[in-house]
Amino acid sequence: MKDFSTVLVAVDFSDSSDNAFQMALAMAIRFSARLLVLHVINEPVDLRGFYVPHISFEKLEEEIEEGAKKMMESFCRRNLTTFENFECLIVPGLPYEQIIQQAEEKSADLIVLGTHGRTGLDHVLFGSTAEKVVRKSPVPVLTVRLEEDSA
Ligand code: AMP
């Protein structure tokens, strides 16, 4: 059986990704693997000077990044009390693209993610991160569904 030496878990701080995280942690412990905890700051493409050319969003971006770092720190403090072989990553971009790119760059053997995210948007209309990662990733993907999910 193949060993997993690096497991990447994608977290958006939703109940679904918290649940997926617990599965990823259990697998990392089981395989003595390194756990990469990734959060992608959804790139606000439309805020980048197209509509209002002279306004600067650097400050806003800094604050968003600061907020994301704090959420990630608190998440790891709560969830990784005894497990030490982990790395937290925060990157901007499109979640599905970054999840795949980071997994490839960091040579992950497995991507773990929830079936649903924080927004609760209808994936038929807006596209689902989970679905795109499953369809496009060359790295094996494990999706974890929350018991009470009805969709
Ligand atoms: P979705 O397909 O968008 O409903 O989200 C499904 C799963 O993708 C979530 O449970 C997370 O595991 C992951 N995910 C979604 N958005 C992000 C994000 N911005 N950063 C990291 N992981 C994400």
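# A tour around helix α3

Start by selecting P95, Y96, Q98, I99, I100, Q102 and A103: these are the buried residues of helix α3. "Buried" here means under 20% relative accessible area, with exposed being over 50% and partly exposed in between (1.4 Å probe, protein chains only). Helices (H or I, at least four residues) and strands (E, at least two) are DSSP runs, numbered from the N terminus.

Before you click further, know that you're looking at a predicted model, where local features need pLDDT of at least 70, side-chain atom pairs count only at pLDDT 80 or more, and totals for chains, interfaces and linings use all residues. Residues are numbered from 1 along each chain as its sequence is written, and side-chain values use heavy atoms, leaving out hydrogens and water.

**Zoom out for a moment**

Show the whole protein as a cartoon. You'll find 5 helices and 5 strands, and walking from the N terminus on, they come in the order β-α-β-α-β-α-β-α-α-β. Of the 151 residues, 38% are buried. Now think about contacts, meaning heavy atoms within 4.5 Å. Taking contacts between residues at least 6 apart in sequence, 79% join residues at least 24 apart.

Next, colour by pLDDT, the predictor's confidence in each residue, from 0 to 100. The mean for the protein is 85, and 81% of its residues reach 70 or more. Which element has the lowest mean pLDDT, and which the highest? Helix α4 (residues 123-126) is the lowest at 46, while β1 is the highest at 98.

**Back to α3**

Pick out Q102, which sits in helix α3. Is Q102 buried or exposed? Q102 is buried, with a relative accessible area of 8%. Leave aside its neighbours within four places in sequence, and you'll see Q102 in contact with L8, L38, L89 and V91.

**Two helices crossing**

Now select α3 (residues 95-105) together with α5 (residues 129-136). The two helices pack at an angle of about 40°, with their axes 9 Å apart. That angle makes α3 oblique to α5. For the words: angles under 35 degrees count as roughly parallel, over 145 as roughly antiparallel, 65 to 115 as roughly perpendicular, and the rest as oblique. The axes are lines fitted to C-alpha atoms, for helices over the stretch in contact, and angles run from 0 to 180 degrees between N-to-C directions.

Show side chains at the contact: P95, Y96, I99 and I100 come from α3, and T129, K132, V133 and K136 from α5. Sorted by class, that contact has 5 nonpolar, 1 polar and 2 charged residues. (Ala, Val, Leu, Ile, Met, Phe, Trp, Tyr, Cys and Pro count as nonpolar, Asp, Glu, Lys and Arg as charged, and the others, Gly among them, as polar.)

Click on K136 in helix α5. K136 is partly exposed, at a relative accessible area of 45%. Not counting residues up to four places away in sequence, K136 touches Y96 and I100.

**Over to strand β1**

Just after α3, stop at S107, which takes a positive phi of about 55°. From there, jump to T6 in strand β1, as S107 is one of the residues in contact with T6. T6 is buried, with a relative accessible area of 12%. Beyond its neighbours within four places in sequence, T6 also contacts A33, R34, L36, K106, A108, D109 and L110.

**Two loops to compare**

Follow the chain into the loop between β1 and α1 (15-30) and select F13. Its phi is near 65°, a positive value in a residue other than glycine. F13 counts as buried, at 19% relative accessibility.

Then hop to S32, in the loop between α1 and β2. S32 also has a positive phi, near 50°, but S32 counts as exposed at 63% relative accessibility.

**Last stop**

Finish at L146, in the segment after β5 (141-144). L146 is buried, with a relative accessible area of 14%. What does L146 contact, leaving aside its neighbours within four places in sequence? Select D15, S16, N19 and T115 to see them. L146 and N19 are 127 residues apart in sequence, yet 6.6 Å apart in space, C-alpha to C-alpha.
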